[in-house]
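Let's take a walk through this model, one chain at a time, and then see how the chains meet. Have the structure open as you read.

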Amino acid sequence: MTVIPIEKKVLNENQRIAMSLRSRYAEHRVLCINLISSPGSGKTTLLEQTLALFRPEEKVAVLTGDLQTENDAKRLARYGFPVQQITTGGVCHLDATMIERALASWPLDQIDLLFIENVGNLVCPSSYDLGEAAKIVLLSVTEGEDKPLKYPSIFAKSELLVLTKIDLLPHVSFSMEQVRANARLVHPGMEILEVSSQTREGLNQWLSWITQHRQQMHERICAAHV
Amino acid sequence: MHEIGIAAAIIEAGQAEAARRPGSKVVCIGVRVGVLSGVDNDALRFAFNALVAGTDLESWKCEIENCRRRNRCQECGYEFESDVYDASCPRCAFGDIVLIGGDELELAYVEVEET
């Protein structure tokens with residue numbers, strides 16, 4: 001018997017494509033963020049409200065993933081920005097190849113901010129790097145406060161937690177204090193925002209987070225060129 | 001249930017290694033799975049066995065080694081292992097940490113038999 005050390009990532013091919021996407025984003029100064037949540041936490045609705053706040057001349061684009069249907073792309077396309085649906089045909093996550101394929105028809109110099117709306121799932125998307133600058137996890141107040149404990153991987157890997165549907169708080173038994181404590185058990189220092197896409201409460205903080213990350217990206221790129 | 005795709009990637013890597021060594025037979029593939037990789041041991045074993053069953057790879061085994069969570073404190077730079085749910089810095093208790101391990105999904109080795 002001979003043991004041959006291999007020492008490489010199982011998803012080596014995905015990683016290779018993700019790294020190539022990451023360097024293309026940097027080259028074209030695109031901030032790419034990957035939105036992940038359970039089905040029904042409000043990813044599409046938050047994106048609709050977000051797109052509605054951008055001026056038409058802003059270079060914003062969305063890739064939205066689902067197992068089936070073009071429904072989300074149709075909803076998001078109403079705001080006038082480029083939107084592409086990725087239907088995975090049953091696959092429970094987006095991978096880097098799907099993103100690379102979708103971007104083949106889009107010139108990256110026409111995009112400054114790229115939202116990727118992942119397939120609704122808190123498990124599988126956490127294993128696939130899409131070359132994004134940050135993963136963002138959404139959790140609605142109609143779900144349990146223990147989601148961060150049940151799905152630690154995605155909460156540990158996401159830079160930001162967005163608590164959605166906060167307008168429903170008076171009607172549900174959901175403790176903001178508890179969910180924050182649970183998230184920070186898994187991810188000490190995790191940034192947390194609270195939003196309602198219905199009342200638009202918290203949307204300004206969400207936009208500020210995006211603006212701040214766009215600035216940081218530009219500063220990093222400028223520093224790298226000095 | 002993305003373990004099927006992951007098991008398929010593991011098997012492909014095993015086949016690539018076997019192709020590089022004519023005359024040898026793969027016995028076992030060693031995989032490293034972090035506690036935060038989002039991959040479940042049982043589901044991965046199930047997927048691996050389901051994919052090799054009834055093929056000429058049926059005798060292949062998959063050995064899984066689990067890796068603990070490792071963190072770096074953003075404040076003092078201390079690197080430490082921790083449980084999944086208790087990742088604050090034991091040295092300075094400052095909140096902000098970055099993950100430096102525990103999300104592994106790696107092929108560690110292939111064990112072959114010369115024939």
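Start with chain B, which has two helices and six strands. Keep in mind that this is a predicted model. Going from the N terminus, the elements of chain B come in the order α-β-α-β-β-β-β-β. What about the overall spread of this chain? Its radius of gyration is 18 Å, well over the 13 Å that the globule rule gives for 115 residues, so chain B is more spread out than a compact globule. The box tells you how that looks along the principal axes: the C-alpha atoms of chain B fill roughly 55 × 30 × 15 Å. Of the 115 residues in chain B, 32% count as buried. And if you take the contacts in chain B with a separation of 6 or more, 69% of them are between residues 24 or more positions apart.

Now bring in the partner. On the chain B side, 34 residues are in contact with 26 residues of chain A. Which elements of chain B supply at least two residues each to that side? They are helix H1 (3-20), strand E1 (24-34), strand E5 (97-101) and strand E6 (105-114). The largest share comes from E6(B), with 10 residues. Sorted by class, the side of chain B that touches chain A has 20 nonpolar, six polar and eight charged residues.

Strand E1 (residues 2-9) of chain A pairs with E6(B) in the antiparallel sense, over six bridges. To find your place in that pairing, look for Lys8(A), which stands opposite Leu107(B) in E6(B).

From there, move over to strand E2 (residues 31-36) of chain A. Is it buried or exposed? E2(A) is mostly covered, and six of its six residues are buried. In a regular strand, side chains alternate between the two faces of the sheet.

Which strands pair with E2(A)? One of them is strand E5 (residues 113-117) of chain A, running parallel and joined over five bridges; in this pairing Leu35(A) stands opposite Glu117(A). Strand E6 (residues 134-140) of chain A also runs parallel to E2(A), and four bridges join the two. There, Ile33(A) stands opposite Ala134(A) in E6(A).

Note on methods:
Residues numbered from 1 in each chain as written. Chains lettered and ligands numbered in written order. Predicted model: local features only at pLDDT ≥ 70, side-chain atom pairs only at ≥ 80, totals over all residues. Contact = placed C-beta atoms within 7 Å. Nonpolar A, V, L, I, M, F, W, Y, C, P; charged D, E, K, R; others polar. Pairing = 2+ DSSP bridges. Rg over C-alpha atoms; globule rule 2.2 N^0.38 Å. Buried ≥ 20, exposed ≤ 12 C-beta atoms within 10 Å, placed from the backbone.
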